[in-house]
Amino acid sequence: MPTGRQALKGSRTMNASKDENSAVFTEKQQPASEKLRDALHQAITVQHSPRMPAATPVPVVDELAKLAQLAQQGVICQAEFEQQKARLLAQ
């Protein structure tokens, strides 16, 4: 009959095998189970880490107004204005 740590280890395995939230792995499966554990831990950490707020998008109308002003000032040519306008409207 096992005593000490061996008895405790066996009871933990039996308890874990009855728990629907546990997975029991053999010694042979240990390296793969550790990789799985690490991947799950990393995924949970990423999921719960604070995220940077998304940059506030500049409304298309504002961008078009800026481009029109640049075209009127002669900073960009009319063809460039039309090209940028088409790009903005395609978004």
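Predicted model: local features only at pLDDT ≥ 70, side-chain atom pairs only at ≥ 80, totals over all residues.
Residues are numbered from 1 along each chain as its sequence is written, and side-chain values use heavy atoms, with hydrogens and water left out.

The protein contains four helices and zero strands, in the order α-α-α-α from the N terminus. Helices (H or I, at least four residues) and strands (E, at least two) are DSSP runs, numbered from the N terminus. The mean pLDDT, the predictor's confidence in each residue on a scale from 0 to 100, is 81 for the protein, and 82% of the residues reach 70 or more. Among the elements, the lowest mean pLDDT, 67, belongs to α1, and the highest, 91, to helix α3 (residues 60–73).

Of the 91 residues in the protein, 8% are buried. Buried denotes under 20% relative accessible area, exposed over 50%, and partly exposed the range in between (1.4 Å probe, protein chains only). The protein exposes about 8,300 Å², of which carbon and sulfur atoms supply 58%. Accessible areas come from the Shrake-Rupley method with a 1.4 Å probe; for residues, only the protein chains shown count as cover.

Phe25, Leu36, Leu40 and Ile44 make a nonpolar surface patch of about 380 Å². Patches are made of residues with over 30% relative accessible area and no salt bridge; nonpolar side chains (Val, Leu, Ile, Met, Phe, Trp, Tyr) are joined within 5 Å, and like charges within 9 Å. Phe25 lies in the loop between α1 (5–18) and α2 (30–48) and counts as partly exposed because its relative accessibility is 41%.

One salt bridge is counted, defined as a side-chain nitrogen of Lys or Arg within 4 Å of a carboxyl oxygen of Asp or Glu. This salt bridge links Asp38 to Arg37, with 3.2 Å between the closest N and O atoms. Asp38 has a relative accessibility of 44% and therefore counts as partly exposed.

Ser33 is found in helix α2 and is buried, at a relative accessible area of 14%. A polar atom of the Ser33 side chain lies 2.8 Å from the backbone oxygen of Gln30.

The largest nonpolar core has six residues: Leu64, Leu67, Ala71, Ile76, Phe81 and Leu88. Two or more residues of this core come from each of α3 and α4 (78–90), and α3 gives the most, three. A nonpolar core is a set of buried Ala, Val, Leu, Ile, Met, Phe, Trp, Tyr and Cys residues joined through side-chain atoms within 4.5 Å.

Pro59 is found in the loop between α2 and α3 and is partly exposed, with a relative accessible area of 45%. Pro59 and Leu88 are separated by 29 residues in sequence and by 9.7 Å in space, C-alpha to C-alpha.

Definitions and conventions:
Polar contact = N/O pair within 3.5 Å; in protein donor to acceptor, adjacent residues only side chain to side chain.
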